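Welcome! Please take a look at the structure below, and then let us walk through some of its parts together.

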Amino acid sequence: MMNDTLSDMLVRIRNAAMVGKASVAVPMSKLNERVAQILKDEGYLEAHTVVGEGSIKTLNLTLRYYGERRSRKPTVSGLK
């Protein structure tokens, strides 16, 4: 059972950005959804969508990068 869903989400975002993934899926929670909205508003994410029905939902996060296709860099470079 995951107790700290927020830190799990942030670590997943960091790890996905480090390897150049376009998107990452995290477990859905109201807190995760709200933080994802803030990250989107601040320009760190392209989009976030909720997938699933009932009690099993997933939050899909589309990561944002800058630069040209060959040398693109993630907007999320580190978390503290």
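## A starting point

Where is the place of asparagine 15? Asparagine 15 sits in helix α1. Here helices (H or I, at least four residues) and strands (E, at least two) are DSSP runs, numbered from the N terminus.

Before going further, please note that this is a predicted model, in which local features need pLDDT of at least 70 and side-chain atom pairs count only at pLDDT 80 or more, while totals for chains, interfaces and linings use all residues. Residues are numbered from 1 along each chain as its sequence is written, and side-chain values use heavy atoms, with hydrogens and water left out.

Back to asparagine 15: with a relative accessible area of 37%, asparagine 15 is partly exposed. On this scale, buried means under 20% relative accessible area, exposed means over 50%, and partly exposed lies in between (1.4 Å probe, protein chains only). Asparagine 15 and glycine 78 are 63 residues apart in sequence, and their C-alpha atoms are 9.9 Å apart in space.

## The nonpolar core

Next comes the core. A nonpolar core is a set of buried Ala, Val, Leu, Ile, Met, Phe, Trp, Tyr and Cys residues joined through side-chain atoms within 4.5 Å. The largest one here has 15 residues, and the members that touch the most others are Met9, Ile13, Val24, Leu45, Leu59, Leu61 and Leu63. At least two core residues come from each of α1 (5–18), β1 (23–27), α2 (30–41) and β3 (56–63). The largest share, four residues, belongs to α1. In soluble globular proteins, nonpolar side chains tend to be buried together.

Valine 24, in strand β1, is buried, with a relative accessible area of 13%. Leaving aside neighbours within four places in sequence, valine 24 is in contact (heavy atoms within 4.5 Å) with Arg12, Ile13, Ala16, Leu59, Asn60, Leu61 and Leu63. With neighbours left out in that way, leucine 63 has contacts that include Ile13, Ala16, Val24 and Leu45.

How do α1 and α2 pack? Their axes are 9 Å apart, at an angle of about 40°. That makes α1 oblique to α2, because angles under 35 degrees count as roughly parallel, over 145 as roughly antiparallel, 65 to 115 as roughly perpendicular and the rest as oblique. The axes are lines fitted to C-alpha atoms, for helices over the stretch in contact, and angles run from 0 to 180 degrees between N-to-C directions.

On the α1 side, the contact is made by Thr5, Leu6, Met9, Leu10 and Ile13, and on the α2 side by Leu31, Asn32, Val35, Ala36 and Leu39. These residues divide into eight nonpolar, two polar and no charged. In this grouping, Ala, Val, Leu, Ile, Met, Phe, Trp, Tyr, Cys and Pro count as nonpolar, Asp, Glu, Lys and Arg as charged, and the others, Gly among them, as polar.

## Tyrosine 65 and proline 74

Tyrosine 65 belongs to strand β4 (residues 65–66), and proline 74 to strand β5 (residues 73–74). Tyrosine 65 is buried, with a relative accessible area of 16%, whereas proline 74 is partly exposed at 24%.

Not counting residues up to four places away in sequence, tyrosine 65 touches Ala16, Ala17, Gly20, Lys21, Arg72, Lys73, Pro74 and Thr75. Proline 74, with neighbours within four places left aside, is in contact with Ala17, Arg64, Tyr65 and Tyr66.
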